[in-house]
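Please report on the pockets, salt bridges and backbone features of this chain.

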Amino acid sequence: MRCHLCLNLSWQPLCKTCLQTILAPTPAFRVLESGLRVYSFYNYTDIAPLLHTKHTYIGAKIFAQLGTHTFFEFLKTFELPKGIYAIPIDDHVRHGYSHSAILAKATKPFLTPIYGSLRAQNHESYSGKSRAYRQANKRNFIFTCKDEVDAILIDDIVTTGSTLEEAYETLKQHGVNVLFALVLADAKEN
């Protein structure tokens with residue numbers, strides 16, 4: 001196999017050299033209007049081609065590598081108590097896998113992923129849509145898990161923050177204490 005970026009031979013879609021150089025994470029955070037703190041590791045434009053692989057077979061392996069390279073390494077820096085859950089946003093299987101579930105899996109052993117617990121009823125694409133459009137066409141999340149737990153939200157991208165905020169509000173209605181959210185990339189509109 002060849003590295004997806006440099007095209008050198010590699011056992012993985014992203015070679016160690018590219019992970020340590022081109023894909024060296026630059027952790028950042030922003031606070032959404034709801035007060036939810038969202039940690040990200042890349043600017044969207046820097047890794048957009050990799051994020052777009054989520055609609056392909058190789059995307060499962062790329063997302064697994066990026067999750068380990070960012071989420072796993074980031075969580076190692078915390079002293080989190082046991083019993084915190086990773087809740088992937090709308091981890092419905094599409095194209096053979098769920099990219100948010102793969103990212104949640106990368107949080108083990110620090111967090112316990114709970115799959116299929118936060119699902120959107122509206123599957124309309126938000127890609128390239130404005131904040132007003134996103135707010136008018138809410139995801140209408142359903143939460144089907146234990147109430148009153150501590151959790152960290154997991155997704156691939158934050159743009160306007162409307163999806164994360166809606167998920168956050170849904171979880172709060174069930175007494176879930178969302179500590180923060182983890183995303184690979186921030187596509188904040190300037």
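## Second largest pocket

Strand 1 gives the largest share of the lining of the second largest pocket, 3 residues. Helices (H or I, at least four residues) and strands (E, at least two) are DSSP runs, numbered from the N terminus. A pocket is found on a 1 Å grid over the protein atoms alone, as an open set of points where a 1.4 Å probe fits, with protein on both sides within 12 Å along at least five of seven lines; lining residues have an atom within 4 Å of a point. Strand 1 (28-31), strand 2 (37-40), strand 3 (42-43) and helix 2 each supply at least two residues of the lining of the second largest pocket.

The second largest pocket holds about 190 Å³ of space. Its volume is the space filled by probe spheres set on the points, with grid points joined across faces, edges and corners. The lining of the second largest pocket counts 15 residues, and Tyr-42, Asn-43, Tyr-44, Asp-186 and Lys-188 lie nearest the centre. By class, this lining has 7 nonpolar, 5 polar and 3 charged residues. Here Ala, Val, Leu, Ile, Met, Phe, Trp, Tyr, Cys and Pro count as nonpolar, Asp, Glu, Lys and Arg as charged, and the others, Gly among them, as polar.

## Basis of the model

This is a predicted model: local features need pLDDT of at least 70, side-chain atom pairs count only at pLDDT 80 or more, and totals for chains, interfaces and linings use all residues. Residues are numbered from 1 along each chain as its sequence is written, and side-chain values use heavy atoms, with hydrogens and water left out.

## Largest pocket

The largest pocket has a volume of about 950 Å³. Its lining has 37 residues, with Lys-54, Tyr-126, Ser-127, Arg-139 and Asp-156 nearest the centre. By class, the lining of the largest pocket splits into 11 nonpolar, 16 polar and 10 charged residues.

Helix 2 (44-51), helix 4 (99-105), strand 8 (150-158) and helix 6 (162-173) each supply at least two residues of this lining. Strand 8 provides the largest share, 4 residues.

## Salt bridges

The count comes to 5 salt bridges. A salt bridge is a side-chain nitrogen of Lys or Arg within 4 Å of a carboxyl oxygen of Asp or Glu. Asp-156 pairs with Lys-54, with the closest N and O atoms 2.7 Å apart. This pair links distant parts of the chain: Asp-156 is in strand 8, Lys-54 is in the loop between helix 2 and helix 3 (57-75), and they are 102 residues apart. Both Asp-156 and Lys-54 are buried. Buried means under 20% relative accessible area, exposed over 50%, partly exposed in between (1.4 Å probe, protein chains only).

Asp-91 and Arg-119 also meet in a salt bridge, at 3.1 Å from N to O. This pair too links distant parts of the chain, 28 residues apart: Asp-91 is in the loop between strand 4 (84-88) and helix 4, and Arg-119 is in strand 6 (residues 118-120). Asp-91 counts as buried because its relative accessibility is 4%. Arg-119 counts as partly exposed at 31%. Glu-169 and Lys-172 form a salt bridge at 3.5 Å, N to O. These residues are 3 apart in helix 6, so about one helical turn separates Glu-169 and Lys-172. Glu-169 is partly exposed at 33% relative accessible area, and Lys-172 is partly exposed at 39%.

## Helix 3

Helix 3 has 19 residues and reaches 27 Å from first C-alpha to last, close to the 27 Å expected at 1.5 Å a residue. The expected span is 1.5 Å times one less than the number of residues. A kink of about 30° is centred on Gly-67. The bend at a residue is the angle between axes fitted to the seven residues ending there and the seven starting there. Gly-67 is also buried, and other buried residues of helix 3 include Ile-62, Phe-63, Leu-66, Phe-71 and Phe-74.

## Backbone exceptions

Lys-108 and Pro-109 are joined by a cis peptide bond, with omega about 0°. Pro-109 is placed in the loop between helix 4 and strand 5 (112-113).

Leu-7 has a positive phi, near 70°, in a residue other than glycine. Leu-7 lies in the segment before helix 1 (16-20) and is exposed, with a relative accessible area of 52%. Asn-140 is not a glycine, yet has a positive phi of about 55°. Asn-140 sits in the loop between helix 5 (131-136) and strand 7 (141-143) and is partly exposed at 40% relative accessible area.
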